[in-house]
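Here's a quick tour of the structure for anyone about to set up calculations on it. Have the viewer open and follow along by topic.

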Amino acid sequence: MTDLYRLTPQTLGDILESEPKAVAVFDDDMRVTGVELPLPDGMAYADGGRTKTALFGDRVGQDRYGHWLVFPAPPQ
């Protein structure tokens, strides 16, 4: 079973330190709102995108192969 945790400023910092391909996501006011995580090598979405985005409040984790999983927070 994969451990999932809620994306917070602290966990975002941990991800940015441990994942060299992760990039912080900013809003129009230049506030950090989340992180872009890489897809596994050789994989891409139909539109050519090679990252998935996790925003604060989403649940994130890695599977046993090290691939990033993102479960969006329910709408409020």
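At 22% relative accessibility, Asp27 counts as partly exposed. That value, like everything below, comes from a predicted model.

**Salt bridges**

- How many salt bridges does a search of the whole structure find? The search turns up three.
- Arg31 also meets Asp29 through their side chains, with an N to O distance of 3.3 Å.
- Put together, Asp27, Asp29 and Arg31 make up a linked network of salt bridges.
- Arg31 and Asp29 are both exposed, whereas Asp27 is partly exposed.
- Lys21 and Asp41 form a salt bridge as well, with their side chains 3.2 Å apart, N to O. Lys21 sits in the loop between helix H1 (9-18) and E2, while Asp41 sits in the loop between E3 and E4, so this pair ties together parts that are 20 residues apart in sequence.
- Asp41 counts as exposed because its relative accessibility is 64%, and exposed means over 50%.
- As background, side chains of opposite charge can pair when their charged atoms come close.

- Where is Met30 found? Look in the loop between strand E2 (23-26) and strand E3 (32-38).
- Is Met30 buried or exposed? With 61% relative accessibility, Met30 counts as exposed.
- Met30 has a phi near 65°, which is a positive value in a residue other than glycine. For context, most residues other than glycine have a negative phi.
- Met30 is part of a nonpolar surface patch along with Phe26, Val32 and Phe56. Together these residues have about 380 Å² of accessible area.

**Gly49**

- Gly49 is in the loop between E3 and strand E4 (51-55).
- Its relative accessibility of 24% makes Gly49 partly exposed.
- Which residues does Gly49 contact once its neighbours within four places in sequence are left aside? They are Leu39 and Ala44.
- Going back to Asp27, that residue and Gly49 are 22 residues apart in sequence and 19 Å apart in space, C-alpha to C-alpha.

**Helix H1**

- Which residues of H1 are buried? Thr11, Leu12 and Ile15 are. Looking down the helix axis, the buried residues of H1 fall within an arc of 105°, so they line one face of the helix.
- Pro9, Gln10 and Glu17 are exposed on the other side of H1.
- The cover over the buried residues of H1 includes E1, E3, E5 and E6.

**The three-stranded sheet**

- Three strands form an open sheet in the order E1-E5-E6, paired antiparallel. Strand E1 (5-6) and strand E6 (68-71) are at the edges with a single partner strand each, so one side of each has no neighbour in the sheet.
- Two bridges pair E1 with strand E5 (residues 59-62) in the antiparallel sense.
- What is the bridge partner of Tyr5 in E5? It is Val60.
- In general, strands of a sheet pair through backbone hydrogen bonds, either parallel or antiparallel.

- E3 and E4 run antiparallel and are joined by five bridges.
- Within that pairing, Val35 has Ala54 in E4 as its bridge partner.
- E4 has two faces: Lys52 and Ala54 are on the covered one, while Thr51, Thr53 and Leu55 are on the uncovered one. As a rule, side chains in a regular strand alternate between the two faces of the sheet.
- Val70 is a residue of strand E6. Not counting residues up to four places away in sequence, Val70 touches Leu37, Lys52, Thr53, Ala54, Asp58, Arg59 and Val60.
- How far apart are the C-alpha atoms of Val70 and Thr53? They are separated by 7.7 Å, with the two residues 17 apart along the chain.

Notes. Residues numbered from 1 in each chain as written. Predicted model: local features only at pLDDT ≥ 70, side-chain atom pairs only at ≥ 80, totals over all residues. Heavy atoms only, no water. Pairing = 2+ DSSP bridges. Helix = DSSP H or I, 4+ residues; strand = E, 2+ residues; numbered from the N terminus. Patch = residues over 30% accessible without salt bridge, like charges linked within 9 Å, V, L, I, M, F, W, Y side chains within 5 Å. Areas by Shrake-Rupley, 256 points an atom, 1.4 Å probe, with all protein chains shown as cover. Salt bridge = Lys/Arg side-chain N within 4 Å of Asp/Glu carboxyl O. Buried < 20%, exposed > 50% of the residue type's maximum accessible area, 1.4 Å probe, protein only. Contact = heavy atoms within 4.5 Å. Arc of directions from axis to C-beta.
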